[in-house]
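Please read them with the coordinates open.

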Amino acid sequence: MAEKKTSPDRLIAAATRALQKGDGDFEMSTIARTAGVSVGLAYHYFGSKAGLIAAVVEHFYEALDNEVMMARLPVSDWLDRERLRIQYSVAFHYRHPLAAIILQRLRREPSVMAIEQQRLERQIEAGVGNMLQGQKQGSVSADLDPAAAATFTLAGSRALIARALALPPGQRPTEQALSEQIWNLVRQAVRDEDL
């Protein structure tokens, strides 16, 4: 038997659908009605429209972290694993219906900016350990500062994905082409020429 969704879950689901249809905007009264709760209850749970948008964005980044950024991929070689992670990241962003809206339309919202900064800091922290592992394997230049390398590669990858999503769907590079472009830049950034 399927588990019944709580009121906050229903509100987040309704807001997610509304953000897709409304290109990043919605009315709290419409969301409450769709979720089958009062507007007052919606404000009780999330405080404001910005709070509900922040909850939707949190769900997006939680899924990204679980499926891609913090996922333990079944590949031991650092280069192969990180190339696969980039492919997964591009695929996640291309298929998620809110990716373009979050990375374009909503990114200037203060609550969204705060969430993105927290997530990026968490990813960089994990990325430092990942870069150290790459250095131990000889895949990442020993001269690189792991924190700087993680920051550069994560922020650069994110910027390239956001740039692609800003294009109309028919003009975007294919997933494969974008993944290869990002991978080539990451590989060049973390390796000595003579490796």
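1. Contact, as used throughout this note, means heavy atoms within 4.5 Å. By that rule glycine 134 touches Trp78, Ser139 and Val140, not counting residues up to four places away in sequence. Glycine 134 lies in helix α7, where helices (H or I, at least four residues) and strands (E, at least two) are DSSP runs numbered from the N terminus. Glycine 134 is buried, with a relative accessible area of 0%; buried means under 20% relative accessible area, exposed over 50%, and partly exposed in between, with a 1.4 Å probe and protein chains only. From glycine 134 to leucine 185 there are 51 residues in sequence and 16 Å in space, C-alpha to C-alpha.

2. On the basis of the note: this is a predicted model, in which local features need pLDDT of at least 70 and side-chain atom pairs count only at pLDDT 80 or more, while totals for chains, interfaces and linings use all residues. Residues are numbered from 1 along each chain as its sequence is written, and side-chain values use heavy atoms, with hydrogens and water left out.

3. Overall fold. The protein chain has nine helices and zero strands, giving the pattern α-α-α-α-α-α-α-α-α along the sequence. Its C-alpha trace spans about 65 × 35 × 35 Å along the principal axes. Of the 195 residues of the protein chain, 43% count as buried. Among contacts in the protein chain with a separation of 6 or more, 68% come from residues 24 or more positions apart.

4. Other positions in helix α7. Glutamate 121 lies in helix α7, which runs over residues 110-137, and is partly exposed at a relative accessible area of 47%. Its C-alpha atom is separated by 23 Å from that of lysine 136, 15 residues apart along the chain. Glutamine 123 is also placed in helix α7, but glutamine 123 is buried, with a relative accessible area of 10%. Leaving out residues up to four places away in sequence, glutamine 123 touches Leu64, Asp65, Met69, Met70 and Leu154.

5. Methionine 69. This residue has its place in helix α4. Methionine 69 counts as buried because its relative accessible area is 18%, under the 20% limit. Its contacts, not counting residues up to four places away in sequence, are Leu64, Arg85, Gln123 and Leu154.

6. The largest pocket. A pocket is defined on a 1 Å grid over the protein atoms alone, as an open set of points where a 1.4 Å probe fits, with protein on both sides within 12 Å along at least five of seven lines; lining residues have an atom within 4 Å of a point. The largest pocket holds about 710 Å³ of space, a volume being the space filled by probe spheres set on the points. It is lined by 33 residues, and Met69, Glu82, Arg85, Asn130 and Leu154 lie nearest its centre. Helices α4, α5, α7, α8 (146-165) and α9 (175-190) each supply at least two lining residues; α7 gives the most, with 10 residues. The lining divides into 17 nonpolar, nine polar and seven charged residues. Here Ala, Val, Leu, Ile, Met, Phe, Trp, Tyr, Cys and Pro count as nonpolar, Asp, Glu, Lys and Arg as charged, and the others, Gly among them, as polar.

7. Aromatic pairs. What is the number of aromatic pairs in the structure? The structure holds three. Rings of Phe, Tyr and Trp (its six-membered ring) pair if their centres lie within 6.5 Å; planes under 30 degrees apart count as stacked, over 60 as edge-to-face and the rest as tilted. Phenylalanine 60 and phenylalanine 92 form a tilted pair, 5.4 Å centre to centre with 55 degrees between the planes. Phenylalanine 60 lies in helix α4 (residues 49-69) and phenylalanine 92 in helix α5 (residues 78-95), so the pair ties together parts that are 32 residues apart in sequence. Both phenylalanine 60 and phenylalanine 92 are buried. Ring pairs link Phe60, Tyr61 and Phe92 into a cluster.

8. Alanine 164. Helix α8 contains alanine 164, which is buried with a relative accessible area of 4%. Alanine 164 touches Tyr94, Arg172, Pro173 and Leu178, not counting residues up to four places away in sequence.
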